[in-house]
Amino acid sequence: MPEILKLGIIQRALFASLLVGLLLPLSGSFAVVRKSAFLGAGVAHIAFSGVAFGLMISSPPILWAFIFSVLASVLIWHGGKSKRMDYDLSIGILFSLAMALGILFLGISKKYGSEALGYLFGNILTTTKGDLYTLGFLLFLLLLFYLAFYKELFFMSFNEELAEASGINVSLFSLLLLLSMTLSVVASLKAVGALLVFGLLVMPAAAAYQLTYDFKKMIALSLLFGLISSVGGIAFSIFIDVPSGATVVILAFVIFLLAFLFSRKKSG
Amino acid sequence: MKIIEVKDVSLGYNGKAVVEGLSFDVEEKDFWAIVGPNGTGKTTLIKAILGLIKPLKGRILVFGCPVQRVCKHRKMIGYVPQMEKFDPNFPARVMDVVLTGSYNKLGAFKMPGKKERERALELLRWLGMEELADHPIGKLSGGQQRKALLARALFAEPRALILDEPTSGVDIVSQEKLIELIEKVYREKGLPVLFVTHNVNPILHLITNAVLLGFGRHAAGNREILFDKKILREIYGKEIEIVSREGKKYIITGDYHHA
Ligand SMILES: Nc1ncnc2c1ncn2[C@@H]1O[C@H](COP(=O)(O)OP(=O)(O)OP(=O)(O)O)[C@@H](O)[C@H]1O
Ligand SMILES: [Mg+2]
């Protein structure tokens, strides 16, 4: 794609917002119906501690974000599998440990404060071509995964026991879902920031959840809302020169609020 | 042919046994009632047969295959779990849930189509809930949800049915219909049925065998054990009366008798 090579900063930013706006709500939809959305918040913060670690040892921060959050995901999954730990609890514990470690790493390395803040708040203007390829490839991979195993994923989201009794490897698919969310979060870290990535993960899906009883429609709506929030929010942030994560999440919230007010599910 | 073999099995949680040393074989055309007071391990037994939990001791074979191993037998069992209310807001309609019964036969990327929808509608019609096909599953009553789950279980043309209190929370007319449907499937296909219930009277005419689970004791065998007052007293810790009306037997508690 020769045009991409010629893209300017703004175009790259908008391109990134497009990809992030699809990627996060996609995994977010499953997280919302499985009531495991809080995992996304946990993973984002754990990823940030990886960033801090990378900065401390002068190694690529995203690589360490990836290593930290995948390790944490596997731990959380294992805890949930053995039924010894609720997801909520393992996330809460790893979440605060991760933040403590992140702060510790930043404290030790001192000089990297502003770069670290970039990962905390997100700075989409620093998007590189490489970032775009990563996001695009991940989106393609996840779309393939969700399309191939939509039936299994839908069934186990509805009722894990019934799905397992029907021969679906619920444990394996839980891990894959968790990893797909983790990858989406890590890949979006630079654009949206660790503090706000959760907003794009859950809010479009939560808004869509308010509006329909059809899971496929819910996913479609959540992608649409994600796109609007992300592209709109990032365009706006460039315009008024504020961190992009903030405007994206505020826009996502407005959409959620409207969906909530007009929800068919209101009356229970 | 033996469909399910339970061999000297102990079941429980965290190493603590709920059921100990239980054995029985389910053959084709058997209709097993599984009865006993709350908390004696009926659901636990069913989960073990489905391979959802591991026995503490002993072996369970389904279609000759040990349940702990991953094999295709699970796909051959139609299962209706014990009553649990679904999340009222979950984005799935009755049709979506019934269609999950078709998933085993569809490969990756494939979605159920017109043929599957028609079959699902037909099953729903049979259960008198065709017009609820597009209704959110979580917004149905408990009894309607049970029926949707039965339709789901029957969709895949199972080779055995395992039903955990399928009639609890179902009104008496629907209960009759539900049992009629189960009877039809049972007789037409000659498949074995395991039926957990607290009230055997509506299915007495179908029952061929029974497992009675009590606290620290159990009995498994042919249907006659259901009418053995000594065994019933041991299982329930209370006198159980057997009354005969119009040539049929009914099992009732002693209290009712004295009232
Ligand atoms: N997940 C679990 N962990 C620990 N103990 C459990 C678990 N599930 C059930 N039990 C215990 O095992 C025993 C048997 O439970 P089970 O659900 O099999 O009873 P049941 O015969 O199906 O009862 P009911 O008639 O109420 O459905 C109970 O004492 C229960 O407390
Ligand atoms: Mg039970």
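Predicted model: local features only at pLDDT ≥ 70, side-chain atom pairs only at ≥ 80, totals over all residues.
Residues are numbered from 1 along each chain as its sequence is written, and side-chain values use heavy atoms, with hydrogens and water left out.

The secondary structure of chain A consists of 13 helices and zero strands, where helices (H or I, at least four residues) and strands (E, at least two) are DSSP runs numbered from the N terminus. Of the 268 residues of chain A, 53% are buried, which means under 20% relative accessible area with a 1.4 Å probe, protein chains only. The C-alpha trace of chain A spans about 55 × 40 × 40 Å along its principal axes.

Over all chains there are 22 aromatic pairs; rings of Phe, Tyr and Trp (its six-membered ring) pair if their centres lie within 6.5 Å, with planes under 30 degrees apart counted as stacked, over 60 as edge-to-face and the rest as tilted. One of them joins A:F53 and A:W64 edge-to-face, at 4.9 Å centre to centre and 70° between the planes. Because A:F53 lies in helix α3 (residues 38-56) and A:W64 in helix α4 (residues 61-81), both of chain A, this pair ties together parts that are 11 residues apart in sequence. A:F53 is buried, at 18% relative accessibility.

Further along chain A, helix α12 (residues 215-240) holds A:S237, which is buried with a relative accessible area of 4%. Leaving aside residues up to four places away in sequence, A:S237 touches A:V242, A:P243, A:S244 and A:T247, a contact being heavy atoms within 4.5 Å.

Terms used. Chains lettered and ligands numbered in written order. Buried < 20%, exposed > 50% of the residue type's maximum accessible area, 1.4 Å probe, protein only.
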